[in-house]
Structure formats: C-alpha cells, structure tokens
Amino acid sequence: MSSDNDNDYSDDDGEYYYDDDEDMMSAQEDEDSASSDDGMDMDEFGDDFKVPQRTVRKTYEIEYDSLPQLAVEKLVLNDIEHISGIFGVEASTASLLLRYMGWNKERLIEKYMDNASAVTVAAGISPPSRASPSALGPDRSQGSSSNARTSGLRRTARQTSAPMKAKSQPFICPICFDDTQASFSALACDHTFCSGCWTAYITSKIREEGEHAIRCMAEGCALVAPDPFVRTALVDDPETWERFNELLVRHFVASNPNLKYCPYPSCTYTVSCPAAASKSALTTVVPIVICGADASPPHRFCFGCPIESDHRPVICPVARMWLKKCRDDSETANWIKSNTKECSQCQSTIEKNGGCNHMTCKKCKHEFCWVCMGPWSEHGTAWYSCNRYDEKAGVDARDAQSKSRASLERYLHYYNRWANHEQSAKLSVELYAKTEKKMEEMQVTSNLTWIEVQFMKKAVDEVFKCRMTLKWTYAMAYYLEKGNQKELFEDNQRDLERAVEDLSELLESQIEPEIIPTLRQKVTDKTVYVSKRNGIMLEDTAKGFLEGRWRWNVPVEGFD
C-alpha cells in the first residue's frame, strides 16, 4: 500500500530525503541528525521526511495518507480475512457479515458471539427457517459448541456460494416464463430462476441502482447474493463486476470515519485522515487534503465537510453556516435593499407599488410616509410634499429602520467582498492564457529561457491561492465577535489583500523589452512576499483555533 507523507502537501516546494537511502546523506548531515534522533521519532514521518532543519508540517496543515483503490481493496480483504479466521467461515460469508455491520469489526464480533444465528439471518446469509440451532452464541460450558457453530455456517456458506443446481425435472422460470431456458440458479432460500434473469437483475441493481447488497428476486425474501454468486452471473460482463467491486470499496470507505473518497468525478483515490475523523477535531483544524491522483490541478478538498474546495482559514462548521446563509440570503438581500422598506410599527417588509408616498401597512394598518417613514397623520393634506424630516416620530421611525437595515448592510459588506474574490479566482483561467502569451513574448524579446520565465506562472498560481484564502477570511470575519482578536485578524487580512492586488497589477501590466529584467525582479519579490503574507494569515488563524482565541457572534457547532 502506498501512502503519501504530509510533507508532500506543504505549500512550499523543496527537496525530500528518504530514510531508507541513508547513503545519500552526507557525513555532516548524519552527525547533525544523530544528535537529534534521541528526541525525535522518525517513524512518525513515514517513508520520507524533509531536511531536519526545516519545519515538517505547518500549523494549518494536517497529517493524512493518500490511498489508491488497490490499497483500499487490500484493507477490505484484510478485514474479511480477519473475520473469516475468527468465525471460521468462508470469505464471502465474512464479507456479507461485515457489510451488514457497517464494517465495524468489534461490534460484529460482539453481536456474533451473543447470537450467531440471529446475525446471519439479519445479514441475509441464511433464511430464518434454516438457521442452525448449533449456530447460537458460544456456550462456555461445552467446548464442542464452537466447532458445531463453525461447521453449520460453513455448510450454509457452501450452499449460498454455489448458485448452479442440477434440475432433474422440467422447470419454467417464474420471471420470464421462457421454457427454452436450461440453466437455473438459486440462493440458499431455493428460490430458483433462470440464469438469464439473474444476470439481468444483478446487472440492473449494480448499474442503475448502485447496489452492493443484492437480495433475492423472490418477493419478501431477504437473502443477499454472495460475491461468488454475483461473479458467476457476471462472468461475461467484466465491466459490471468491476463496478460492483468499486461499490464495495465505496461502502467500506463511507462506513469508516477515518476514510473519505475523493469527490472529483471518475477519481478512485481515497484519503485517510484519522486526525479529522471526529466532530470535536473540526473545531480546531481545517482538514484540507489532496487525494494523490496524477491530476492538474491536484484534487484538493476538505476531509471534514462536503465543501469540495480549500476553505482555509475558516473551520468547517462556520464555512457551512456561511454557504447556507449565502444560498438563502444573498439575492434576496440585494433585492430587499433596493426595492423595499420596513413598516416603522411592526417591521414588516413593504414594497412600494405605486407613485403615492402615503403607505398603509397591510399587516398592522399603520399609515406612514414612504419618504421620511413618519406617521402620515403629521403630514396633513400635503401628501405630495414631505417636509417633516425633523419630527420626532419620523426620526424614531428612521432609527428603527436603520437598525434593521444595519444587519443587511453588514452582511452585504462581507458577501460582496467574498463574491468578488471568488469571481477573481475564476477569472484566473483567462489570466493563465494571458500569462502564457507574455511568457512567450519575454522569450522572443529577451534572452530568457522558458525555465527562466516560469516566474510569471508561479505568480499566477500564488494569486489564485491567496484569493481563495481572502475569500474565506470574509466568511470568518462576518461571524467573529468584535474585539482585539478580530482587529488583528482584519489587519492580517488587509495586508494580504493589499499585497495580492499589487501582484495582480504587476501581472496585468504591459511588457516592454527594456523593463523585463526589472519586471522579473519585482514579480519574483512580490510573489515571495504574497506567499509569506498568506502563510502568516493561515498560521495565525490556525494557532488561534488551537489556543481558543476566536469568539463568535452566533452559536457555532462544537463551541460552548
């Protein structure tokens, strides 16, 4: 099983050394590392580690492993072999037992030892009438009971995994009623159907319904077809059989809190991240991972929530709250702000649908002026000319409306900036195309090689990454409670945003042959500075979560 060390996921590019190849290290490095070996367990770094003088993993990064499908299939087989060896049953039976219990080995062993017969019936391995009395839980007073239980289950497994049965009498399939069929199959329940119907049924269940536990076709029968039976039915359809194995892997991954399947289409990689498996862990860390597939850009997603993007520095519960609010409020809030006002008496939202400024609230029947929001009774007959702006009632009404609208204005302040950075990040595709043209121009108009003009592409990559960070800082700032910590957070946000805008301006500037060396130096320096500011933003926020510095203005899941 191959696994990626968390060093692979650092934002910094650097060389990696392998502790299996100690001959590659210099004598001086051996001496330096030997002095620190006493206080450092090298096993925790996996197969590779960075130069000892550098930080292995930043505070905002998390330790995880990337697993291809073959590695996950090996984990599945290990669990099946483990249960098969303990219970003394065939692998197909052990697989059905594990699937029934959600791949929870400890719980399965406990339930099985209490009442093996009930578990096998519930898992769809044996029909109720055929549950062997000897398959009850272990009787500690009789040493032979365990052997009896094992032999009984082995007989059931053999019956279940042997689908083809010889028919001495003519039989017509009750599904297709085709009297020309000569091949029939049945599970341990003896519900017999022709092989053609079994194949069509199993194929439909796998292809159209995504089922990994395929029950008997007979009405009311709960028996599940074991893997050898499914394999025999799909002997001429290897693609469907492969899809069936993929569904088993997906079920295994979905049942294991330490694993998550890559959400990108057609990707079969899985990520193992035990450090983010619990809800409590998600209050102190943002588990952004990369699945390890050979893709450009890499498949980056959040292990702790369904958000399929890097939402650092904001934690998962707050990110979900923000996205829900955006879905519910963004367009509505903009329309309300532009087209409505609130009744000064009951605060109902009112739309002006005529030219007259004399408004009557349909809910509380309060009459008021649309212009100054004061009571209409103070306007006399001069309904068309409102000049009572300083009347106390009008001032109070405007104050009440201002308080109500302040919340809307505050939300739109953060939302508009969040959406602006999101849109700017999306436009990076066009910026990539422009940058490639500029890189080609630089090669023609200067003596720089293709490698030497790569600084432009690195700058674009850094701008995109930082805009994604800035985008989510506004979501976090919206929910942060006022105070010194929020001011410090916004100071870091301001510095990063200013640096990103300066770098973006440099990338958009015109290229003149005589300024290429100067431009290259400026872009390189600014890229390094932007990367540093982004690291400071992420690092300080991550430390704040670990230290419990952040306070929220609304209840957040996982926080008291």
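Me: How do E6 and strand E7 pair?
Reply: In this predicted model, E6 and strand E7 (residues 270–272) pair in the antiparallel sense over three bridges, where two strands count as paired if DSSP finds at least two bridges between them. Strands (E, at least two residues) and helices (H or I, at least four) are DSSP runs, numbered from the N terminus.

Me: Which residue in E7 is the bridge partner of Tyr261?
Reply: The bridge partner of Tyr261 is Thr270 in E7.

Me: And what order do the strands of the open sheet have?
Reply: The open sheet has three strands in the order E3-E7-E6, with antiparallel pairing. Strand E3 (65–67) and strand E6 (259–261) stand at the edges with a single partner strand each, so one side of each has no neighbour in the sheet.

Me: Switching to helices, at what angle do H2 and helix H4 pack?
Reply: H2 and helix H4 (residues 105–114) pack at an angle of about 20°, and their axes are 12 Å apart; axes are lines fitted to C-alpha atoms, for helices over the stretch in contact, and angles run from 0 to 180 degrees between N-to-C directions. That makes H2 roughly parallel to H4, a label for angles under 35 degrees.

Me: Which residues of H2 and H4 make the contact?
Reply: Contact means heavy atoms within 4.5 Å, and among the residues making it are Ile83 and Phe87 of H2 and Leu108 and Met113 of H4.

Key: Residues numbered from 1 in each chain as written. Predicted model: local features only at pLDDT ≥ 70, side-chain atom pairs only at ≥ 80, totals over all residues. Heavy atoms only, no water. Parallel < 35°, antiparallel > 145°, perpendicular 65-115°, else oblique.
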